[in-house]
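Open the model in your viewer and keep the selection panel at hand.

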Amino acid sequence: MRVDRFLSNLPRFNRQQVRLLLVERRVSVDGVPVSDPHHEVREFSRVCVDDEVLQAGKPARYFMLHKPQGCVSATCDPQHPTVLDWLDEPDKDELHIAGRLDFNTTGLMLITNDGQWSRRLTQPTTKLPKVYLVETEQPIGAEYAATFAAGVYFAFEDLTTQPAQLELLAPRLARLSIIEGRYHQVKRMFGHFDNKVLRLHRERMGPLALDDALAPGEYRALSADEIRQV
Ligand code: URA
């Protein structure tokens with residue numbers, strides 16, 4: 001939200017007062033004095049007028065987890081362990097998952113409290129590739145790549161999947177890159193050929209690859225550089 005709108009939404013300032021505060025450079029966002037009324041105030045910005053804090057701006061948090069098999073991509077579940085159970089962090093109820101994985105899918109899971117950041121990662125419009133290693137029951141046919149590139153029709157949603165890239169690594173092992181995250185998408189794409197997915201592992205989401213140093217169940221905070229790349 002624009003800083004002038006943020007301030008004039010508060011009951012204590014009218015628009016005229018807000019204009020004056022900005023001209024007098026009495027407003028700061030994240031410690032930097034601001035006079036431009038268009039300056040963006042985000043969920044995590046710290047906004048002050050003179051020395052008074054109007055929005056505290058909790059720190060944004062970003063983690064990468066190597067999701068193991070046997071946990072659900074949810075913040076709470078009455079029956080099963082969740083991916084958040086692997087995190088030893090305070091205020092876990094403020095965190096959410098950027099892009100779910102099935103119960104037995106392993107690999108890169110990104111967890112944050114920054115909704116704008118996670119939306120950029122998961123929105124199909126941003127076309128960020130999600131890359132999976134897929135092991136199947138039957139050999140993967142040479143025709144799969146062209147079908148996935150053209151799109152697979154999903155009758156339930158009445159849609160055709162966006163073009164996806166398939167790289168064959170072994171007779172029953174492939175790397176698949178998709179830009180959407182539809183329900184059971186990878187399993188259903190291979191299901192089109194009646195080929196069951198036995199193992200599924202997410203290697204990458206957009207610019208962020210799973211850190212090789214993380215064993216299943218381990219996690220780490222993202223670096224400032226990794227956060228900026230999204
Ligand atoms: N596609 C699937 O079918 N399952 C996942 O967990 C992720 C993508």
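Which helix gives the most to the shell around the ligand? Select helix 5, residues 185-191: with three residues, this helix gives the most to that shell. Bear in mind that this is a predicted model.

The residues surrounding the ligand are L101, D102, T105, Y132, H184, Q185, V186, K187 and L200. Coloured by class, the shell divides into four nonpolar, three polar and two charged residues.

Start with D102, where a polar side-chain atom lies 2.7 Å from a nitrogen atom of the ligand. Move to V186: here a polar backbone atom is 3.1 Å from a nitrogen atom of the ligand. At H184, a backbone N or O atom lies 3.2 Å from an oxygen atom of the ligand. On its own the ligand has 240 Å² of accessible area, and the protein covers 95% of that.

Then hide the ligand and display the pocket surface. Where does the ligand sit? Its place is in the largest pocket, whose volume is about 410 Å³. The lining of this pocket consists of 21 residues. To find the centre, select R100, Y132, G181, R182 and H184, the lining residues that lie nearest to it. For the elements, select strand 8 (130-136), helix 5 and strand 13 (197-205), which are those giving two or more residues to the lining of the largest pocket.

Finish by colouring the lining by class: eight residues are nonpolar, six polar and seven charged.

Terms used. Residues numbered from 1 in each chain as written. Predicted model: local features only at pLDDT ≥ 70, side-chain atom pairs only at ≥ 80, totals over all residues. Heavy atoms only, no water. Near = heavy atom within 4 Å. Polar contact = N/O pair within 3.5 Å; in protein donor to acceptor, adjacent residues only side chain to side chain. Areas by Shrake-Rupley, 256 points an atom, 1.4 Å probe, with all protein chains shown as cover. 1 Å grid on protein atoms, 1.4 Å probe; cavity = no way out; pocket = protein on both sides within 12 Å on 5 of 7 lines; lining within 4 Å. Sits in = over half its atoms within 2 Å of the grid points. Helix = DSSP H or I, 4+ residues; strand = E, 2+ residues; numbered from the N terminus. Nonpolar A, V, L, I, M, F, W, Y, C, P; charged D, E, K, R; others polar. Points joined across faces, edges and corners; volume = space filled by probe spheres on them.
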